[in-house]
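This report describes selected secondary-structure elements and their packing. Please consult the sequence and the structure shown here before reading on.

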Amino acid sequence: MNIQKSTVIALCSVLEAALDPDKQISSAEVAEKYGISPHHLAKVLRRLGRAGLLESSRGVGGGYRFCGNAKRTTLMDVIALFEDKIVEPDKQFEKQYATAVERAIAQVLVEIDETAKAVFNSITIATMIGLIERQGRSRP
Amino acid sequence: MKANNKTKTAAAPPAPASAPDTPADYLIRPVRAGDLEKLIAVDAQITGIQKAEYWRQRFRGHVARKDQSSHFLVAEKNSAIEGLIIGEIRDWEFGTPPCGWVFGISVRPEARLSGVATRLLDALCASFRLAGMTKVRTLLVSDDLLVMKFYRSQGMMAAPIITLERKLD
Ligand SMILES: CC(C)(COP(=O)(O)OP(=O)(O)OC[C@H]1O[C@@H](n2cnc3c(N)ncnc32)[C@H](O)[C@@H]1OP(=O)(O)O)[C@@H](O)C(=O)NCCC(=O)NCCS
């Protein structure tokens with residue numbers, strides 16, 4: 001599965017902010033922590049802001065805060081803002097490919113996409129926070 | 001999964017009539033013969049399908065198992081059944097070491113989002129733990145998002161099991 005860089009940045013930004021919704025997160029710190037270009041991060045944050053997941057504040061350095069519903073927002077809700085392919089796996093592969101070989105490969109890829117979709121759709125930001133906390137306990 | 005230590009106490013002050021339900025308002029206990037008709041009605045309300053004979057068989061099967069491997073719990077409030085969970089300890093199912101399986105969980109729509117299912121699962125897990133199990137597992141349809149989100153919220157992740165099927169043509 002191919003997830004775009006912007007999607008990974010979006011997931012990291014949302015999760016960082018959702019870990020402490022009362023806190024203003026500094027975008028410069030997030031850019032440094034995850035090794036992302038501040039310009040790319042700003043673009044992603046604008047998109048997340050328009051979707052109502054983050055609230056950004058201007059001013060020195062700029063910051064943002066999680067303002068979505070962590071219990072009702074799934075990973076797919078975030079991913080769908082940046083990826084079209086995972087949301088709609090190509091079930092029409094039988095018509096699109098001329099050869100049986102390509103159709104068989106497409107059938108396997110659709111199976112993988114369908115599984116990914118089910119996983120992303122069922123995991124909420126709140127569930128991820130639980131996972132992050134358990135990960136943090138085992139290794140800071 | 002965290003153990004459930006919220007027990008119902010007779011000394012608790014009565015909640016005001018308008019207060020939302022809390023998990024402690026429900027008594028989680030093993031199913032009894034007298035629950036059967038209520039269970040049939042609750043299931044018909046949730047699934048929209050009347051399955052009286054299925055539930056009678058399921059109950060008989062549960063009672064007949066003398067080895068403590070079958071678990072069938074209900075959530076009760078004011079003498080009404082608001083939810084149920086069915087589980088079983090299965091040895092070497094699909095070639096995997098003994099573990100606790102959850103076969104079904106449901107809560108009446110009116111009682112949802114009050115932590116009832118969480119308490120039912122906690123109670124089932126406590127029984128599995130007492131029986132020496134270290135894992136709980138379930139199987140569900142991948143587009144059943146409501147139940148999937150519930151299990152995910154309880155920290156459940158994919159098991160090393162894949163279901164496969166093919167058309168019988
Ligand atoms: C899935 C089900 C058992 C959950 O019961 P419940 O008592 O409402 O669950 P809880 O209150 O313990 O919820 C625990 C967590 O699950 C998740 N959850 C439950 N319902 C949810 C919903 N509608 N949307 C998103 N997440 C949900 C949440 O993370 C919730 O935590 P929160 O309340 O802090 O947000 C119930 O919705 C149900 O019975 N659904 C039908 C099941 C069915 O068809 N069974 C028959 C075949 S098995």
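**Terms and basis**

Contact, the basis of packing in this report, means heavy atoms within 4.5 Å. Helices (H or I, at least four residues) and strands (E, at least two) are DSSP runs, numbered from the N terminus.

The model is predicted: local features need pLDDT of at least 70, side-chain atom pairs count only at pLDDT 80 or more, and totals for chains, interfaces and linings use all residues. Residues are numbered from 1 along each chain as its sequence is written, chains are lettered from A and ligands numbered from 1 in the order in which they are written, and side-chain values use heavy atoms, leaving out hydrogens and water.

**The sheet of chain A**

Chain A holds an open sheet of 3 strands in the order β1-β3-β2, with antiparallel pairing (two strands pair if DSSP finds at least two bridges between them). Its edge strands, β1 (25-26) and β2 (54-57), each pair on one side only. Between β2(A) and β3(A) (residues 63-66) there are 4 bridges, and Glu55(A) stands opposite Arg65(A) in β3(A).

**Helix α7 of chain A**

Helix α7(A) covers residues 125-138. Its buried residues (under 20% relative accessible area, 1.4 Å probe, protein chains only) include Ile125(A), Met128(A) and Leu131(A). The buried residues of α7(A) pack against α1 and α4 (75-79) of chain A, together with α4 (145-153) of chain B.

**A helix pair in chain B**

In chain B, residues of α1(B) that include Leu36(B) and Ile40(B) meet residues of α2(B), among them Trp55(B) and Phe59(B).

Notes
The expected span of a helix is 1.5 Å times one less than its number of residues. Buried means under 20% relative accessible area, exposed over 50%, partly exposed in between (1.4 Å probe, protein chains only).
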